[in-house]
Amino acid sequence: MLIRNLIIGFSLLQLVSLQEYDSQDCYQCSIQPCGCKLFKCSQGPIYPEGVEDLSRGFTGCQALSQPFVNAVIIQKLQGTCLCPYVNVDKNCKPIGDKRIMIGSGFDLTMSSSDILDKLKPFQGIKENPIKFIQESKSLELTLNEVQTFDLVLMGSEVLNMGKYYNSNYFNAPSIYGKLNPQKPNFEELTRGIRTLFYSFQRQYGSPSNYQRLWNYALRANYSQIMKELEREAEHSNRKHIEAQILKYCLEKCSESNAANIMFVIDGSWSIKIENYNTQKQFMVNLLESMKIEKDQQEAALVLFSNQVELKSDFSGDKVSLINTVRLMHYPNSDTQTDLALVESAKIFKGQIQKRPNVINLLFILTDGQPSVPINQQSIDNLKELNIKTFAIGIGPDIKNETLAYLSGDNATDYSRVYQVSQFDKLKQLLNSINQLACSTPTEIDFQINNLTNIVLDDTGAQYFVLLQKYVYLRIDLSKYIVQSNTSGDSSNQNAQSQLQNNENEVELYYSFTEELPNQFVNDGKGKRVGDSVEAVIVNNATNKTFFAVKQTKEMKSQAKLHVQPLVFDHCSVNCVSCLNENICKTCSEGFVLLNDKCVKPSINDNPYIGPILAGVVSVVSLGGYFTFGRTAAVSQIQSNSDQHEKND
């Protein structure tokens with residue numbers, strides 16, 4: 001009876017304790033604990049200003065070097081809370097461990113000598129952390145105080161997470177299966193992926209609180225992580241951003257990606273001479289930061305006012321381009337923006353004919369005050385040429401809505417609008433050209449050109465997109481042109497020979513849905529056939545096929561990329577798809593591909609029978625040398641033969 005009364009009493013106490021909190025307050029605190037009524041904080045989380053658009057990852061996210069994570073991105077995702085708080089559910093029950101948090105999700109249960117004295121009372125696990133905060137003296141730090149210790153402690157937290165990852169802590173093989181032997185070490189992950197994993201850590205604490213995502217990470221199962229993030233992104237902007245970081249930062253892309261880049265510069269009277277000079281200095285800084293090189297990133301300069309002047313056609317001569325900018329005069333007349341767009345499209349069209357399979361970027365520097373209205377057709381002409389436009393505001397009276405109209409996918413799209421006067425934005429723009437050129441798939445249309453020269457290096461992958469569904473890709477490795485610091489023909493031949501003899505030096509991956517496929521996220525990969533890497537792509541899922549080409553050897557070289565359409569009629573007998581009736585690429589079931597023909601397999605072509613026959617021959621041969629085993633061996637073979645006859 002006594003025990004029964006104690007149980008009833010304890011249950012009543014629990015009900016009372018749950019009723020201490022208003023249900024609406026609990027719900028609000030479950031959505032955002034920082035700044036909610038439970039935790040006596042005068043404001044919610046603070047987010048850093050001027051952070052770049054994260055829709056394509058962030059600048060430097062594909063780097064493999066330190067720092068391991070981008071602290072500003074973590075603060076952007078998590079927010080910074082100036083007061084202690086606890087993550088709770090809609091019933092005000094602490095989620096996971098009973099942890100008190102502060103800053104950008106720093107866990108105060110962890111002991112550290114670097115922590116501020118005023119925070120030490122909140123350290124350690126509390127039996128009732130919510131009540132502890134409510135009964136404690138109100139504490140609200142300054143933003144500077146929080147950020148200082150947050151950044152100091154972030155380093156040790158990231159290192160600990162790296163140790164957990166490399167040592168496969170919190171692994172659950174009974175649920176998620178075997179580990180992936182190709183899983184890269186923590187140090188080999190890009191900064192974007194390390195930042196993503198640390199974002200999980202800041203949200204949930206220990207990997208034990210996000211076991212599913214953590215175990216997918218231990219297995220390098222990034223496709224499954226993407227699915228999880230995209231599913232949650234329907235009701236969480238943070239998950240949407242994390243999905244974009246995963247998509248664009250998973251692997252480093254090549255710095256050798258080619259691009260046509262045009263700068264269209266406003267020299268009208270509304271700019272004013274002092275801003276015109278600022279614009280010129282901006283252009284010099286921009287050109288100096290770029291990787292301009294012949295046959296890679298080539299730039300053109302167009303100056304406009306009441307008329308349009310081509311100051312420099314597309315060139316890979318950085319010094320000449322910079323000198324041209326420095327010597328540009330100030331026209332000081334009307335703002336004929338529409339005419340500038342029309343002439344720019346004409347110049348671009350000629351360059352695209354010379355270099356059809358490269359990325360095309362246009363940067364227009366203007367105050368957004370045209371003398372005559374801009375014709376929509378002028379903007380559409382650029383889009384039809386697959387030119388991505390950026391607008392950079394310059395001058396005292398910038399019309400941002402015009403800049404958005406010039407550059408965006410629609411009139412309210414400000415994602416490619418920048419201001420010269422904003423230093424942070426300027427730095428982002430300086431990096432965005434290489435980032436965009438790097439991670440934007442280059443469109444290839446084999447109806448225009450089915451043979452493309454590509455430059456490969458060990459800095460990362462190059463990305464392409466095909467608008468055709470059924471294609472045959474071949475990367476010709478037989479005529480590699482080595483561009484590394486080698487001297488003499490013998491060195492080049494040696495490097496070429498090494499490359500051809502190693503099947504893993506050049507890799508090709510393709511996907512029907514992901515823009516940037518790689519070894520972990522793909523729908524298929526190329527295979528080595530003689531002196532080439534080949535892939536037969538049959539895409540019945542989407543209207544586009546994305547593929548990546550990657551070289552792992554530390555050298556810079558050129559290769560030829562052949563793209564040909566697959567056909568499904570006019571093929572030879574028993575051939576499913578082919579380039580023509582004489583060149584088959586895939587065969588009907590029961591046939592094998594041999595020298596571009598589909599033939600019935602011989603017994604030696606069978607991967608299971610061949611080794612068995614070889615073993616039998618070896619055993620019989622051994623019997624001739626070792627007479628003591630001959631009778632038993634022959635007897636066993638005869639026994640097996642009899643058994644097969646019975647089975648037949």
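**Entry 1: the cores**

I began with the largest nonpolar core of this predicted model, which has 39 residues. I looked up which members touch the most others, and found Tyr165, Phe197, Phe200, Tyr222, Ile225, Ile245 and Leu246.

I then picked tyrosine 165 and listed its contacts, leaving aside neighbours within four places in sequence. Among them are Lys183, Pro184, Phe186, Leu189, Phe197, Trp214, Leu218 and Tyr222. I also noted a second, separate core of 30 residues, with Ala259, Phe263, Val284 and Tyr418 included.

**Entry 2: the three-stranded sheet**

Here I traced an open, antiparallel sheet in the order E1-E2-E3. Strands E1 (81–85) and E3 (106–107) each have a single partner strand, so one side of each is left without a neighbour in the sheet. I looked at how E1 meets E2 (residues 101–103): two bridges join them in the antiparallel sense. Tyrosine 85 stands opposite methionine 101 in E2.

**Entry 3: the six-stranded sheet**

My next stop was another open sheet, whose six strands come in the order E6-E5-E4-E7-E8-E9 with mixed pairing. E6 (308–315) and E9 (417–419) are its edge strands, each pairing on one side only. Ignoring direction, I find that neighbouring strands are turned by 20 degrees against each other on average.

I zoomed in on E5 (residues 297–304), which runs antiparallel to E6 and is joined to E6 by five bridges. Leucine 303 has glutamate 309 of E6 opposite. Then I looked for what covers these strands, and found helix H13 lying across E4 (259–266), E5, E6, E7 and E8. H13 runs at about 25 degrees to E6.

**Entry 4: helix H14**

I finished with H14 (residues 376–384) and asked myself which of its residues are buried. They are Ser378, Ile379 and Leu382. Looking down the axis of H14, I see these buried residues within an arc of 100 degrees, so they line one face of the helix.

What do the buried residues of H14 pack against? I found helix H13 (337–354), strand E7 (359–366), strand E8 (387–393) and helix H15 (400–407).

Last, I checked both ends of H14. Asparagine 375 caps the N-terminal end, with a side-chain oxygen 2.9 Å from the backbone nitrogen of glutamine 377. Just after H14, asparagine 386 takes a positive phi of about 60 degrees.

Notes. Residues are numbered from 1 along each chain as its sequence is written. This is a predicted model: local features need pLDDT of at least 70, side-chain atom pairs count only at pLDDT 80 or more; totals for chains, interfaces and linings use all residues. Side-chain values use heavy atoms; hydrogens and water are left out. Buried means under 20% relative accessible area, exposed over 50%, partly exposed in between (1.4 Å probe, protein chains only). Helices (H or I, at least four residues) and strands (E, at least two) are DSSP runs, numbered from the N terminus. The arc is that of the directions from the helix axis to the C-beta atoms. Contact means heavy atoms within 4.5 Å. A polar contact is a pair of N or O atoms within 3.5 Å; within protein, one must be able to donate a hydrogen and the other to accept it, and residues adjacent in sequence count only if both atoms are side-chain atoms. Two strands pair if DSSP finds at least two bridges between them. Axes are lines fitted to C-alpha atoms, for helices over the stretch in contact, and angles run from 0 to 180 degrees between N-to-C directions. A nonpolar core is a set of buried Ala, Val, Leu, Ile, Met, Phe, Trp, Tyr and Cys residues joined through side-chain atoms within 4.5 Å.
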